[in-house]
Amino acid sequence: METILVLKVSVLHLPHNFNILMKDKIIKKATDMFLKLGFKSVTMDDIACEMCISKKTIYKYFSNKEALIEEGTEVVHQKIHAMMDEVMAQNHNAIAENFQMREMFKQMFQSFDQSPAYQLKKHYPEIYQKMVANEIEDCSHMFRQNIEKGIAEGLYRKETDIEAAVNFYYTLIFSINENTALEKDAYEMELKALEYHTRAIATPKGITELEKHLQLFT
């Protein structure tokens, strides 16, 4: 009897680090399942079964499925931007950098059939709008840096209207992702958007660089 009481007390006073670790594990597993199987189709029961834990354990950390999805999308957002920072730190020229970003996204999402952005917009529009607000700000900053870098390298024209080019490009990219159901289709259309964006602002030197990468990545 005394042993049982000790066990119960131990469970009630699990260390804070354990709770953080368990929450992170749930987010990771759930997010993997959402991306692979679909945000709508995966249930809390599915996640609990996959992790061999009770559904009650999941609800200890997340009030509902929407809260879990929202935290999961934020983790993906942070991971994407950490990887983008890594690509930018490799000091490619501006055009090569954009193609390396494209390759990074391919590696990250190639195993998923459905476009995550399309699913979120369709089934969880409020979460999607929050995600888009964050992404637009971050992507605009990255696109702006890329254009400024390309101008300095002589790959983009000096007279480029940077703000207009940034707005056009992220509008294209976001429109493709939120309106294209299949990830492979979105990936192909993103290449067309990248080519269109680059040709619109490139110098002759930039066009030569673009053509080189188009041959490598198509």
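1. The residues that line the largest pocket divide into 26 nonpolar, 9 polar and 8 charged, where Ala, Val, Leu, Ile, Met, Phe, Trp, Tyr, Cys and Pro count as nonpolar, Asp, Glu, Lys and Arg as charged, and the others, Gly among them, as polar. This is a predicted model, in which local features need pLDDT of at least 70 and side-chain atom pairs count only at pLDDT 80 or more, while totals for chains, interfaces and linings use all residues. Residues are numbered from 1 along each chain as its sequence is written, and side-chain values use heavy atoms, with hydrogens and water left out.

2. The volume of the largest pocket is about 980 Å³, and of its 43 lining residues the closest to the centre are Phe105, Phe109, Asn177, Glu183 and Glu190. A pocket here is an open set of points on a 1 Å grid over the protein atoms alone where a 1.4 Å probe fits, with protein on both sides within 12 Å along at least five of seven lines, and lining residues have an atom within 4 Å of a point; the volume is the space filled by probe spheres set on the points, which are joined across faces, edges and corners. Helix α5 gives the most to this lining, with 8 residues, helices being DSSP runs (H or I, at least four residues) numbered from the N terminus.

3. The second largest pocket has a volume of about 260 Å³, and its lining includes Asp24, Lys28, Asp32 and Lys79. Helix α2 gives the most to that lining, with 6 residues, and the lining as a whole divides into 6 nonpolar, 1 polar and 4 charged.

4. In helix α7 (residues 116-123), Pro116, Ala117, Gln119 and Leu120 are buried, that is, under 20% relative accessible area with a 1.4 Å probe and protein chains only. Seen down the axis of α7, these buried residues fall within an arc of 160 degrees, so they line one face of the helix; the arc is that of the directions from the helix axis to the C-beta atoms.

5. Leu120 is also among the residues that touch the most other members of the 58-residue largest nonpolar core, a set of buried Ala, Val, Leu, Ile, Met, Phe, Trp, Tyr and Cys residues joined through side-chain atoms within 4.5 Å. Leaving aside neighbours within four places in sequence, Leu120 is in contact (heavy atoms within 4.5 Å) with residues including Phe39, Thr73 and Met131.

6. Thr73, which is found in helix α5, is buried, with a relative accessible area of 12%. Not counting residues up to four places away in sequence, Thr73 touches Leu120 and Ile127.

Notes: Buried < 20%, exposed > 50% of the residue type's maximum accessible area, 1.4 Å probe, protein only. Helix = DSSP H or I, 4+ residues; strand = E, 2+ residues; numbered from the N terminus.
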